[in-house]
Amino acid sequence: MLAAVDHVQLAAPPGSEDFLRGYYVEVLGMAEIPKPPVLAARGGCWFRAGAVQLHLGIEKVFRPAKKAHPGLRVTGIEAFAARLRAHEAEVTWDDNLPGHRRFYSEDPVGNRLEFLEPLGSAEQPGSVEQPGSRSPERLGS
């Protein structure tokens with residue numbers, strides 16, 4: 001039986017680790033976590049925010065994920081979008097998911113990322129949380 005998503009892995013080109021660290025740590029506010037030594041020899045880097053883990057693995061023939069993407073739940077989505085824009089990351093809003101505010105952005109190597117927050121969540125000022133609507137730990141800034 002499936003219990004949870006442990007992590008999501010995205011690909012990155014060789015030599016991009018410093019760009020990835022700058023984005024995932026400085027822009028998204030995640031912490032880098034050490035890779036086991038046997039895996040560290042392959043390159044890439046891993047990041048965590050709460051229960052959310054993103055692993056960036058090196059692919060010699062790299063092609064960014066333009067359609068496939070992780071959906072990352074955030075709190076205070078407007079402020080989070082402003083944080084990305086302040087770091088010159090593109091923010092593209094999309095209102096096609098009922099009950100959510102969401103936007104897309106790309107990491108420095110072109111991988112698509114989705115950031116979303118349910119409407120009426122407890123994190124939004126003046127909102128009332130509906131019974132049973134508590135969400136898993138969220139990626140925050």
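The largest nonpolar core of this predicted model holds 26 residues, and those with the most contacts inside it are Tyr23, Tyr24, Leu28, Met30, Leu84, Phe103 and Phe115. Such a core is a set of buried Ala, Val, Leu, Ile, Met, Phe, Trp, Tyr and Cys residues joined through side-chain atoms within 4.5 Å; buried means under 20% relative accessible area, exposed over 50%, and partly exposed in between (1.4 Å probe, protein chains only). Two or more core residues come from each of β1 (8-12), α1 (17-27), β3 (45-49), β4 (52-58), α3 and β8 (112-118). Here helices (H or I, at least four residues) and strands (E, at least two) are DSSP runs, numbered from the N terminus.

Because the model is predicted, local features need pLDDT of at least 70 and side-chain atom pairs count only at pLDDT 80 or more, while totals for chains, interfaces and linings use all residues. Residues are numbered from 1 along each chain as its sequence is written, and side-chain values use heavy atoms, leaving out hydrogens and water.

Aromatic rings come next. Five aromatic pairs are found in the whole structure, where rings of Phe, Tyr and Trp (its six-membered ring) pair if their centres lie within 6.5 Å; planes under 30 degrees apart count as stacked, over 60 as edge-to-face and the rest as tilted. Tyrosine 23 and tyrosine 24 form an edge-to-face pair, 5.1 Å centre to centre with 85° between the planes, and both are buried. Tryptophan 93 and phenylalanine 103 are also edge-to-face, with centres 5.1 Å apart and planes at 65°. Tryptophan 93 is partly exposed at 30% relative accessible area, whereas phenylalanine 103 is buried at 0%.
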